[in-house]
Amino acid sequence: MLKRFFIVALIFCLSKVTLGQTVNIIPYPQNVKPTSGDFTFNKATKIVYDQADNQLNIATSPLLIKLQKAAGLKLKSSGKAPSANYISVALTDKITHPEGYHLDISTNHIAIEAKTPVGVFYAIQSVLQLLPVEIESAVIVQNVQWKVACMDIEDAPAFPYRGLMLDVARHFMPYSFLEKLVDLMAMQKMNTFHLHLTDSQGWRFESKKYPKLTQIGAYRKGTPLNTTYDYASRPNDTLYGGYYTQDQLRKLVAYAQTKFITIIPEIEMPAHAEAALASYPELACLDSAGKRFPYPSQIQNEFCTKDSTFTFLTDVLTEVMDIFPSKYIHIAGDEASKVNWRKCPICQKRMKDEGLTSVEELQSYFIKRIEKFVNEKGRNIIGWDEILQGGLAPNATVMSWTGEQGGIDAAKLGHKVIMTPQQYCYFDHYQSLDVAEPSAFGGLTTLANVYNYHPIPAGLTDEQAKLITGTQGNLWTEYVPTSSHAEYMYFPRATALAEDGWNDTKQPYDKFLSRLLVYLKRLDYYNVNYSRHLFDIQINTKIDSVSHQLMAGALGVPVGYDIYYTMDGSAPNTSSAKYTGPIVINKDAVLRIGVTYNGRLVDEVQKTFTFNKATGKTSTLKTLPNRQYGSGGEHAWNNGILGSDTRYNDGEWLGWNGRDFEGTIDFGSTQDLNTITTRFFNRPPDWVYMPQWVSISVSDNGVDYKEISRKTDLQTNASGLQVLKFDMNHTQARYIKINAKCVDVIPRGLTGAGSPAWLFVDEVIVN
């Protein structure tokens, strides 16, 4: 609540300071020319347009509805333009872009011109953002001047596809949230909502022809936080799930159409199919004895390539296309292990009959067969970039997620591409290094990362670049069980992505932030639980070469913002100590560093420090950590900063893949060692395991070591931080060596079976 108060107060300051200096529209228009004066809405204001055009009625309705709700103003319609105080809306071929518009605001008249009603809708969104933020209120607000600054705007999006994806399979989201998300997308001129309806963790689309898909496949064993694939638990186990009826989905499609948003449904194939296979096991691959292949192959279990599978899928897709009129149908095609296909007699016969030489070609056959059916229905398919494997289907559009290369390859083959590389567009990633961040899937995708992304990669010709149709932000929900959490993961990163899809050339990041801080107040009226991590604040440590003291410094804050800090865990404010340089750490502390703007806190990050005999002492590693999980540096394991209890990518945890940990510390002189505490991370679903054993050895000369203590049998199902404490019984030594034996290969029956495990090490504490 305190942060929300600060943001609200900040917006008040910004409205006075910046409204006269910048045009607070998101995404920022292509061309803006401010002029003098204001247009003021009042009870006499009229609107002039062709009311017989229902699409124009829909396009202008947001302004009419919001003015009536928030201002108590009911704009009068007029067939003829008065001499002043009116808005005119007209469709014209002078505007060539189908989503473009011309908005001319003078003191007496607002003129909107567009080629299509969708352009009018976007012009209306711009007008709404130029009005005071109170226009978003659901009740009448007193003492507000309902005026907009005069200006001339020529605007159109750079890319035709500007979307968000929501995974409702792993965690089911209430229908009301789907409509709310559509509203929020429309405010920032996004036009495509990709709905991920099926996956191994749940089937959310009601099929009339195959009712078991929702009777069984929509409900899995366990609580909402349990992403098990077990659908066989009946009737006493706790079940989690849900699904959308066909009537609900038709209603959603119709609602989105009033916001000029297209909904693209996704039905997963050939992999991620466990929910469907639990419902109809006869569609699975069978071994030579006629039995399903054992777990863990079911984690990415594919449909069998038998004819009955294609009958099932085309039946389901027919139902889907009857509800969703979108040009595109997403059929996934990602992460197919194809392990079962290599063993399945039916699939092997299919390969022989079709003259296919690899399971990659079998996947291409699968996708092409589905595409042919979808094309016959007058639609086209979209698939993730794995559909390139074995040969791309003739008319497929590629959604490039593993990076940009898939999109580059598809464009060079002449196919349309939607760019959604995970390092910029995956909103299930963490968005800051703050240890207080809620659990996420992994990775780090900051607001600045998203804003600075450009969808057209280098290396394409002009003609190939035209095939990049846009970009999309994806929210996978393994760790996102509620709609409130989903909002936190989407916003404001989705707002930054809206800028990426609209503008070829974006404003500097600091100018985007000034507009965003105003825009967030609009989100407050919709009770959006957005993240406040607007900066990339980092806390690092070093040993001062002169004083030999441990110093903590702040990085990632742009010049011009004031920084304050506390060391007792309390929230920093302008009365706290002002940061002017590295801070001395000489005792245990919870350091919180906050950024202020116009005197108010807008972002903060915290780190917990432990000051002990090992802190900042000379340390060496036999093997350096993996680069992906080594950003804290090779001394992060004794730098005095405690890593997160719930995440291993906060910049403090160091990770090794299939390799052992060996680290030594030189105290500089003989020390009395009472206890040594080591910190490891455990999360088997992410391939992260406790070591097989951990040993502590000591030495007086740094060459000859003697093992003092060893702990074994450390495997556990507990997730997160795991602490091991060793009693040293006041051993005297100058050096210590810590060895941790990694799990060489993940055991059979577990996620990632047969692959090397990850070993994560954090702070070593010596007392």
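Are glutamate 652 and lysine 607 buried or exposed? In this predicted model, glutamate 652 is buried, and lysine 607 is buried as well. The side chains of these two residues meet in a salt bridge, with a distance of 3.8 Å from N to O. Glutamate 652 belongs to the loop between strand 28 (641-642) and strand 29 (654-657), while lysine 607 belongs to strand 26 (residues 600-609); the pair links distant parts of the chain, 45 residues apart.

**The barrel**

Eight strands of the model close into a barrel, in the order 8-9-14-15-16-17-18-19, and their pairing is parallel. From one strand to the next, the twist averages 30°. In general, the strands of a sheet pair through backbone hydrogen bonds, either parallel or antiparallel.

Methionine 419 has threonine 471, in strand 19, as its bridge partner. Elsewhere, helix 8 (residues 307-323) lies across strand 14 (262-269) and strand 15 (328-332), and this helix runs at about 170° to strand 14.

**Salt bridges**

The count of salt bridges in the model comes to 33. The table lists three of them.

| Residues | N to O distance |
|---|---|
| Lysine 66 and glutamate 136 | 2.7 Å |
| Arginine 250 and aspartate 322 | 2.8 Å |
| Glutamate 652 and lysine 607 | 3.8 Å |

Lysine 66 forms its salt bridge with glutamate 136. This pair links distant parts of the chain, 70 residues apart: lysine 66 is in helix 2 (residues 54-71), and glutamate 136 is in the loop between helix 3 (117-130) and strand 7 (147-155). Lysine 66 counts as buried because its relative accessibility is 15%, below the cut-off of 20%. Glutamate 136 also counts as buried, with a relative accessibility of 8%.

A salt bridge also joins the side chains of arginine 250 and aspartate 322. Arginine 250 lies in helix 6 (residues 246-257) and aspartate 322 in helix 8, so the pair ties together parts that are 72 residues apart in sequence. Arginine 250 has a relative accessibility of 34% and therefore counts as partly exposed. Aspartate 322, at 54% relative accessibility, counts as exposed, since the cut-off for that class is over 50%.

Which residues are linked in a network of salt bridges? Such a network links Asp167, Arg170, Asp199 and Glu478.

Methods:
Residues are numbered from 1 along each chain as its sequence is written. This is a predicted model: local features need pLDDT of at least 70, side-chain atom pairs count only at pLDDT 80 or more; totals for chains, interfaces and linings use all residues. Side-chain values use heavy atoms; hydrogens and water are left out. Two strands pair if DSSP finds at least two bridges between them. Helices (H or I, at least four residues) and strands (E, at least two) are DSSP runs, numbered from the N terminus. Axes are lines fitted to C-alpha atoms, for helices over the stretch in contact, and angles run from 0 to 180 degrees between N-to-C directions. Contact means heavy atoms within 4.5 Å. A salt bridge is a side-chain nitrogen of Lys or Arg within 4 Å of a carboxyl oxygen of Asp or Glu. Buried means under 20% relative accessible area, exposed over 50%, partly exposed in between (1.4 Å probe, protein chains only).
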